[in-house]
Amino acid sequence: MNHQSEHPAVALCDVTFAYQPGSPVLEKINFTVQRGTRLGILGPNGGGKSTLLKLILGLLSPAPGKGEVSVLGMAPRLATRKRLVGYLPQRLDVEWRAPLSVRQVAGMTAALGLQPWQSPPQVVRERIERMIELVGMKELADRPIGDLSGGQQQRVFIARALAAAPQLLLLDEPTVGIDQKGQEQFASLLRTIHAELGITILIVSHDLRAIAAGCDQIAVLSRTLHYHAAPEGLTPQVLAEVFHHDIAAFAHAQHGNGPHHVHSGGCSH
Amino acid sequence: MLAWQTLDYLREFAFARQAVMAGVLIATASAALSSIVVLKRLAFVGQGISHAAFGGIGVVAILGLAGFAAELVIFAFCLASALLIAGLSRARTREDTAIGIVLVATMALGFMLLGLRQNLMQWDVYREFLAGSPPVSGWDAILFGSIMVSGAAGVWMSAIVAGLVLLGLWWWRRPLMTYVFDEKTAEAAGVSTRAMRGLLLVLLALVVVVGMKVVGVVLVSALLVLPGAIAAQLCQRLVPTLIVCWVAAILGVLGGLVASLELSVPPGPAIVLVLVVEFAMSAILRRRR
């Protein structure tokens with residue numbers, strides 16, 4: 001184990017973020033994701049999910065004095081540059097008409113750190129193949145990405161994210177455009193990945209099904225972080241109330257339920 | 001007899017050989033970019049950039065510039081308009097609106113400066129100022145190309161641009177491929193999407209500056225769009241796509257040049273029409289499958 005492993009995978013300390021002064025999208029967010037956790041962050045549209053993702057990826061930063069974000073014990077931008085964070089885009093954000101094979105897509109980010117004149121070393125090529133196999137796409141590795149179904153494409157994107165050997169995997173609305181069967185397979189794939197690689201997985205979605213199947217911890221985000229516990233504690237009332245932006249009182253009553261890997265107030269200084 | 005005349009021309013006249021060489025080089029450069037133009041929906045941006053060349057031509061004409069300085073001014077105009085389009089689209093204007101505005105602004109400026117040059121000619125001071133500078137090519141040459149007069153300099157220019165475009169695409173192939181495929185993952189992997197878009201705009205501007213000599217300001221975006229569109233009909237893999245783009249562009253340029261020499265029609269529109277026929281054929285072929 002390297003010395004970095006003592007740092008949590010993600011830590012947000014008192015983070016407030018506003019695109020326009022006076023109307024924060026995220027307010028006083030405190031949470032820590034320990035390594036190896038599978039955390040689902042559920043929230044309504046406009047609840048600040050994509051802003052949270054951008055903060056973790058280092059594409060946005062909190063204004064001075066508005067809290068701190070750290071990923072694997074370093075600045076998010078640095079973790080991103082070192083490709084320690086694997087990202088799974090929404091399927092609809094991808095140009096699937098591109099004339100690329102499954103293998104070319106899967107190997108895309110793993111080779112980004114190389115100089116133009118270098119070709120990918122054996123280790124990297126083997127890892128790409130291993131990940132294609134892990135997500136069950138070995139038979140389709142030479143097929144054009146546009147020929148695949150939504151669920152299959154998503155598996156390829158997982159392989160691509162994993163091929164760069166990340167320690168944290170971020171999934172952005174993974175169920176959008178995927179049918180029921182594809183979703184079930186996807187959830188079992190996430191369990192396999194977690195068991196085999198032991199990496200931290202963070203899923204952000206507005207769809208409970210995306211999260212319930214593959215996560216051992218759940219948080220609910222709607223401007224503030226309302227709830228976090230094991231999935232069993234998430235009752236229909238909680239969800240109904242969150243999606244009406246009226247959960248605060250209920251959520252506080254639920255704090256401290258059971259053993260959490262997700263801790264509120266995770267500031268480490 | 002068709003094609004015989006073309007061979008005679010090629011044997012006898014350097015200008016015909018130079019036209020073929022410049023045409024092949026420019027076709028290579030634009031074909032290399034074409035797939036990305038189609039995938040990233042840059043067709044209309046290309047249109048905006050190429051019309052901006054007209055503003056550059058106006059400045060070149062009124063200052064009596066020639067040679068490399070002239071090319072540089074036109075390139076600067078294309079690049080500046082590309083950046084202006086990008087800058088405007090980031091603010092409150094939509095990209096198609098931004099292109100619409102920049103396109104007409106630079107074209108109007110070009111026309112106005114060319115007209116002004118005409119008027120200034122009645123002053124001796126201005127005529128002395130222009131002394132030794134080359135005459136301005138006619139409207140039709142600017143609008144629809146004049147590859148037959150590209151000369152040795154045109155061949156060199158095309159070679160340099162083709163080299164730069166191919167080198168740029170190869171050098172940045174990995175971040176560029178990620179950026180073209182999905183911007184969000186590129187960003188999340190530390191690729192600067194602004195830098196990638198900037199790179200594409202610079203390469204587009206380079207191709208436009210030399211491409212407008214072949215097919216003219218109005219039609220240069222045909223070279224950027226049609227090869228990629230044809231390949232998209234026929235291929236789903238990277239290497240075949242690049243090959244089809246290249247072959248389609250070369251066939252278009254050579255076919256157009258032959259038609260131009262045989263039938264004594266202007267080469268620019270002939271090249272574009274050959275490319276359009278190729279596209280129609282590729283669409284029919286795809287339907288048949």
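Modeller: Of the 14 residues of α5(A), 13 are buried, so this helix is largely enclosed by the rest of the structure. A residue is called buried if 20 or more other C-beta atoms, placed from the backbone, lie within 10 Å of its own, exposed if 12 or fewer do, and partly exposed in between. This is a predicted model, in which local features need pLDDT of at least 70, side-chain atom pairs count only at pLDDT 80 or more, and totals for chains, interfaces and linings use all residues. Residues are numbered from 1 along each chain as its sequence is written, and chains are lettered from A in the order in which they are written.

Colleague: How do you know that the span of helix α5 of chain A agrees with its 14 residues?

Modeller: Helices are DSSP runs of H or I with at least four residues, numbered from the N terminus, and the expected span is 1.5 Å times one less than the number of residues. For α5 (residues 150-163) of chain A this should give 20 Å, and the end C-alpha atoms are 20 Å apart, which agrees. Just after α5(A), A165(A) takes a positive phi of about 55 degrees.

Colleague: What makes M108(A) buried?

Modeller: M108(A) has 25 other C-beta atoms within 10 Å and is therefore buried, although M108(A) is found in the loop between α3 (102-106) and α4 (122-134) of chain A.

Colleague: Which residues is M108(A) in contact with, leaving aside its neighbours within four places in sequence?

Modeller: With contact defined as C-beta atoms, placed from the backbone, within 7 Å, M108(A) is in contact with R160(A), M177(B), T178(B) and F181(B).

Methods: Helices (H or I, at least four residues) and strands (E, at least two) are DSSP runs, numbered from the N terminus. Two residues are in contact if their C-beta atoms, placed from the backbone, lie within 7 Å.
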